[in-house]
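Me: Please take me through the structure shown below in question-and-answer form.

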Amino acid sequence: PPTHLSPETLSTMAEQLHLTSWWRVKPACWDDAVAAVRAMAREVLENEPGTLSYIVHVPMAREEAERSKLLSPGLRVTEPHVLTFVEIYQDDAAFHKHVAGDIFQKFVATHGHLFEEAAGGGPDSTVSFYRQAAGTHVGSKL
């Protein structure tokens with residue numbers, strides 16, 4: 001990883017929008033939901049140049065985490081039927097374009113029923129937005 005980042009790179013990092021969101025899947029719909037988000041993730045990365053990273057994670061079962069000795073006292077495993085999205089956008093406008101775009105809107109209209117329903121309607125999800133403060137990852141173009 002780089003030990004020094006140029007002012008231009010730091011400026012670009014400050015403009016990027018990072019988010020993590022959690023979507024609660026109806027247990028009986030798990031396989032269909034995972035297949036649907038896999039297809040959507042491919043489509044997003046192929047067609048939305050402002051989307052720099054779009055990764056969807058499935059939870060590891062508690063038994064697997066214990067077998068792999070990943071848990072230590074005090075750590076809890078997440079809910080079993082929650083998909084975790086980790087996304088990076090070039091800027092806020094790219095995020096707005098994604099959410100309002102055909103790919104995401106079609107996904108929600110076609111597959112929204114696979115998710116638990118939020119109090120206000122639509123899929124039950126929670127999101128946290130971030131700005132990168134430090135660090136990089138292998139393969140990063142920063």
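Me: How many nonpolar, polar and charged residues does the lining of the second largest pocket have, by class?
Reply: This is a predicted model, in which local features need pLDDT of at least 70 and side-chain atom pairs count only at pLDDT 80 or more, while totals for chains, interfaces and linings use all residues. Residues are numbered from 1 along each chain as its sequence is written, and side-chain values use heavy atoms, with hydrogens and water left out. Ala, Val, Leu, Ile, Met, Phe, Trp, Tyr, Cys and Pro count as nonpolar, Asp, Glu, Lys and Arg as charged, and the others, Gly among them, as polar. By these classes the lining comprises eight nonpolar, three polar and one charged residues.

Me: What is the volume of the second largest pocket?
Reply: Among the residues lining this pocket are His57, Met60, Arg76 and Thr84. A pocket is an open set of points on a 1 Å grid over the protein atoms alone, where a 1.4 Å probe fits, with protein on both sides within 12 Å along at least five of seven lines; lining residues have an atom within 4 Å of a point. With grid points joined across faces, edges and corners, and volume taken as the space filled by probe spheres set on the points, the value is about 240 Å³.

Me: In what order do the four strands form the open sheet?
Reply: Strands are DSSP runs (E, at least two residues; helices H or I, at least four), numbered from the N terminus, and two pair if DSSP finds at least two bridges between them. S2 (51-57) and S4 (125-130) are the edge strands, each pairing on one side only. Pairing is antiparallel, and the order is S2-S3-S1-S4.

Me: Which residue in S4 is the bridge partner of serine 21?
Reply: Strand S1 (residues 17-24) pairs with S4 in the antiparallel sense over six bridges. The partner of serine 21 is valine 127.
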